[in-house]
Amino acid sequence: MWRRKLLSLLSNDLLRRFRPASISGLPLRFYSKLHSSPLCIRDETSRPCGGARCDFLESLQFISSRSYSSHPVENSATRCWNCDYLARSSPFLVCETCRSVQPVDDSVDYFNIFGLEKNYEIDGNNLEGKYKDWQKKLHPDLVHTKSEREKDYAAEQSARVIDAYRTLGDMLARAIYVLKLEGVNIDEEETVSEPELLTEILEIREAVEEAADAQALKQIQSQMEDKLRHWSKSFADAIRCRKLGDAVISVRRMKYYARVKEEIFKRL
Ligand SMILES: [Zn+2]
């Protein structure tokens with residue numbers, strides 16, 4: 001019974017979510033361009049695309065002063081609301097001089113919060129350790145004697161740090177966030193139009209329907225995890241080469257596999 005319900009959920013959701021492949025939200029400043037370079041345009045510190053030539057005929061390149069940099073964006077100077085100390089580096093969450101918690105600065109992105117380069121691939125950067133450091137600095141027990149104003153700042157900063165940790169700690173959420181930083185918003189309502197993906201969806205649907213027991217469902221879940229990792233790597237390659245169209249395709253796939261995984265998890 002629940003399998004039928006699950007299939008119905010998946011089916012309806014798929015039709016609703018995956019409309020024709022449009023890259024909605026792409027800024028008008030995207031353009032296609034011929035390029036003779038053997039390597040993709042990239043930051044000096046980032047890796048090349050495995051030596052492969054980027055196909056700039058099909059790639060979309062974002063022309064913006066806010067380009068995808070591997071270095072934290074220098075934040076504008078900010079003054080401490082309490083001691084007037086002038087901070088010149090980001091993130092300015094806690095004043096270096098008086099230790100007062102500062103109000104949320106939206107120009108500080110999630111990568112800045114953890115002192116990370118703006119790079120989709122963050123493995124080995126000890127995100128959890130950095131998150132725990134912030135938890136200690138913003139812990140309610142440490143600000144309970146402070147003014148209401150600072151307590152509010154600490155609560156807002158804490159919520160933002162938690163959101164940043166959850167976003168960067170999840171391969172799909174991180175991919176969507178990276179695209180957002182590039183000015184590309186993924187359309188939550190888009191539905192599937194790629195024949196290859198549609199065929200695969202039908203096969204997965206059938207496999208879920210025919211799953212005899214929890215073990216079989218767990219196996220499908222494991223397959224979804226493999227697919228998520230595969231498309232996460234594709235996303236990383238695409239974003240490194242600044243092929244934002246390909247990056248969007250990877251995210252679309254990841255969203256589908258993550259959803260199947262989540263639905264099965266709920267039923268197990
Ligand atoms: Zn201060």
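**Close-up views of charges, loops and cysteines**

Glu 148 is exposed, with a relative accessible area of 52%. Exposed means over 50% relative accessible area, buried under 20%, and partly exposed in between, using a 1.4 Å probe and protein chains only. This is a predicted model, in which local features need pLDDT of at least 70, side-chain atom pairs count only at pLDDT 80 or more, and totals for chains, interfaces and linings use all residues. Residues are numbered from 1 along each chain as its sequence is written, and side-chain values use heavy atoms, with hydrogens and water left out.

**View 1. A salt bridge joins Glu 148 and Lys 151**. The N to O distance is 3.3 Å. A salt bridge here is a side-chain nitrogen of Lys or Arg within 4 Å of a carboxyl oxygen of Asp or Glu. Both residues belong to helix α5 (residues 148-169). They sit three residues apart, about one turn of the helix. Helices (H or I, at least four residues) and strands (E, at least two) are DSSP runs, numbered from the N terminus. Lys 151 counts as partly exposed because its relative accessible area is 27%. Across the whole structure, a search finds 18 salt bridges.

**View 2. Arg 253 pairs with Glu 194 in a salt bridge**. Their closest N and O atoms are 3.9 Å apart. The pair links distant parts of the chain, 59 residues apart. Arg 253 lies in helix α9. Glu 194 lies in the loop between α6 (171-181) and α7. Are these two residues buried or exposed? Arg 253 is buried, at 4% relative accessible area. Glu 194 is also buried, at 17%.

**View 3. Asp 84 has a positive phi and a salt bridge partner**. Its phi is about 70°, although Asp 84 is not a glycine. The residue is found in the loop between β3 (78-79) and β4 (86-87). Which side chain does Asp 84 meet in a salt bridge? The partner is Arg 79, at 3.8 Å from N to O. Asp 84 has 47% relative accessibility, so it counts as partly exposed. Arg 79 is partly exposed, with a relative accessible area of 47%.

**View 4. Arg 242 has a positive phi in a loop**. The value is near 60°, in a residue other than glycine. This loop runs between α8 (214-240) and α9 (244-267). Arg 242 counts as buried because its relative accessibility is 10%.

**View 5. Glu 203, Glu 206, Glu 209 and Glu 210 form a negative surface patch**. Patches are made of residues with over 30% relative accessible area and no salt bridge; like charges are joined within 9 Å, and nonpolar side chains (Val, Leu, Ile, Met, Phe, Trp, Tyr) within 5 Å. Glu 210 lies in helix α7 (residues 195-210). At 58% relative accessibility, Glu 210 is exposed.

**View 6. Cys 80 and Cys 95 are buried**. Cys 80 has a relative accessible area of 3%. For Cys 95 the value is 0%. How many disulfides does the structure hold? There are zero. A disulfide would be a pair of cysteine sulfur atoms within 2.5 Å.

How values were computed
Accessible areas come from the Shrake-Rupley method with a 1.4 Å probe; for residues, only the protein chains shown count as cover. Lys and Arg count as positive and Asp and Glu as negative; His and the chain ends are not counted. The place of a charge is taken as NZ of Lys, CZ of Arg, CG of Asp or CD of Glu.
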